[in-house]
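Hi everyone, thanks for coming. I'd like to walk you through a structure this morning, so let's bring it up on the screen.

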Number of protein chains: 2
Amino acid sequence: MARTELKLLGAWLSPYVMRARIALNIKSVDYEFLQETLGSKSQLLLESNPVHKKIPVLIHKGKPICESLIIVEYIDETWSSGPSILPSDPYDRAIAKFWGTYVDEKWFPNLRILTAEGEAKDHVIRTIVEGLDLLEDAFVKISKGKTFFGEDQIGYLDIAFGCYLGWLRALEKISEVKLLDEAKTPGLAKWADTFSSHPAVKDVKPEVDKLVEYGKSPEAKYRAAKAASS
Amino acid sequence: MARTELKLLGAWLSPYVMRARIALNIKSVDYEFLQETLGSKSQLLLESNPVHKKIPVLIHKGKPICESLIIVEYIDETWSSGPSILPSDPYDRAIAKFWGTYVDEKWFPNLRILTAEGEAKDHVIRTIVEGLDLLEDAFVKISKGKTFFGEDQIGYLDIAFGCYLGWLRALEKISEVKLLDEAKTPGLAKWADTFSSHPAVKDVKPEVDKLVEYGKSPEAKYRAAKAASS
């Protein structure tokens, strides 16, 4: 396939964009990565995702696909040039999707409030740790001794949750609190190391120090305040 | 399959439960419908969905599946005893899921604020009408002249959006404002009639007058106020 037939609109720091990039790497699919400028939106983005105006957008042969987990499923269903990303069993698929929705709707919204302080900071940390405890239990149940969530290769839930690891490490640095703790969540701690050094992940994951730098910027503080009040 | 092997935890007024019931009807699958008492949660619900403690939960051979749209997909993938619910083409599937997510995350949260008054009411009505305009455009594009969203039979997006029609009609009665307007959204208006009288839908849809009665109750007002402030 010509590289120009597949474009991904994204940005280096977005966990959602990272999902699409990992899925494309797993399938060894070549694509054109068009980075949006932070704080503005390209004409192509506005035209491709007029409802939400958000990255990532995958444009395949001129047709846009939006929403990161929908993009991951689309990539899995469209290219057979690599291992399957979704589990093959319907029940396992339902469980992977359940936790994928959980991290997006319940867990990450707290992580977004990177620069909270005082009581708000305590609340954010507590909620994130509670979520990690739930995810540790889920990992033990789903992985059944395997390396990843259910398989010996990276799959849907690894991608859905793993894309947040950079931001989790950044929050640890900013808040000076260890969150993914080997003593409390040994399964996840080991999984996180294996995930982050995987060939499909290591070149598309953002540098934690850069995220910390961005997390402390006025723009990030403004966005975090907006997230906290919404 | 023995009826006891498949249980659905639900309640008559929940649009999310209705999704699972329509999908099971489409596949002609028999199940035991266990209704939760409004305002309390059964032990079985707490054990089956410990993370969210919410209906619907489908329990298949003792294994719980949560989240209504994940349940619809699970039903589609597990039973071949009726027409497919998800579109067969990966791109069409991505589009159906995109709009399914849109109605859940952006559109229905406004509809929940049934009993808003004054300026808040105006805002709710305006946002719902804007959403219906977007959905009318989507319907015209996706249906391409067919009866439902993309097919001549009820599918994923019909179920995802159609389950809200009862509440939309209830809001029309409570607010005395016509929302699904034949002049403005002729495609959706016709679709809504066909959907509501479909054999898989008509016996599981809630009566609008009962929803209006519930919508005016103190419990509903409390829930609406909570939704508005969250």
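So, what rotation, and what shift along its axis, superposes chain B on chain A? Before I answer, please keep in mind that this is a predicted model. The rotation is 180°, it comes with 0.0 Å of shift along the axis, and the RMSD is 0.0 Å. The two copies are therefore related as by a two-fold rotation axis. The surface they use is shared as well: 100% of the contact residues of chain B recur in chain A.

Let's stay with that interface for a moment. Chain B puts 26 residues into the contact, and chain A puts in 26 residues too. Between them, the chains bury about 2200 Å², and 69% of that area is on carbon and sulfur atoms.

What about charges? In general, side chains of opposite charge can pair when their charged atoms come close. Across the interface of chain B and chain A, there are 4 salt bridges by the rule used here. One salt bridge in the model that reaches from chain to chain is between the side chains of E77(A) and R93(B), at 3.1 Å from N to O.

Over all chains, the count of salt bridges is 18. Here is one that sits inside a chain: E73(A) pairs with K97(A), and their closest N and O atoms are 3.2 Å apart. E73(A) belongs to helix α3 (residues 68-78) of chain A and K97(A) to helix α4 of chain A, so this pair ties together parts that are 24 residues apart in sequence.

That brings us to helix packing. Which values do we get for α4 (residues 90-111) and α7 (residues 165-175) of chain A? They pack at an angle of about 35°, with axes 10 Å apart, and the crossing of α4(A) and α7(A) is left-handed. If you'd like to find the contact on screen, look on α4(A) for W107(A), F108(A) and L111(A), which meet W167(A), L168(A) and L171(A) of α7(A). The residues of this contact divide into 6 nonpolar, no polar and no charged.

Last, some backbone details for those of you who like checking torsions. In chain A, the peptide bond from I55(A) to P56(A) is cis, with omega near 0°. P56(A) is in the loop between α2 (43-48) and β3 (57-60) of chain A. In chain B, I55(B) and P56(B) are also joined by a cis peptide bond, with omega about 0°, and P56(B) lies in the loop between α2 (43-48) and β3 (57-60) of chain B.

And where is K61(A)? Look in the loop between β3 and β4 (63-66) of chain A. K61(A) is not a glycine, yet its phi is positive, about 50°.

That's my tour, and I'm happy to take questions.

Definitions and conventions. Residues are numbered from 1 along each chain as its sequence is written. Chains are lettered from A and ligands numbered from 1 in the order in which they are written. This is a predicted model: local features need pLDDT of at least 70, side-chain atom pairs count only at pLDDT 80 or more; totals for chains, interfaces and linings use all residues. Side-chain values use heavy atoms; hydrogens and water are left out. Axes are lines fitted to C-alpha atoms, for helices over the stretch in contact, and angles run from 0 to 180 degrees between N-to-C directions. Helices (H or I, at least four residues) and strands (E, at least two) are DSSP runs, numbered from the N terminus. A crossing is left-handed if the near helix is turned anticlockwise from the far one by less than a right angle, and right-handed if clockwise. Contact means heavy atoms within 4.5 Å. Ala, Val, Leu, Ile, Met, Phe, Trp, Tyr, Cys and Pro count as nonpolar, Asp, Glu, Lys and Arg as charged, and the others, Gly among them, as polar. Copies are superposed by least squares on the C-alpha atoms of residues with pLDDT of at least 70 in both. Buried area is the accessible area (1.4 Å probe) that two parts lose on being put together, summed over both.
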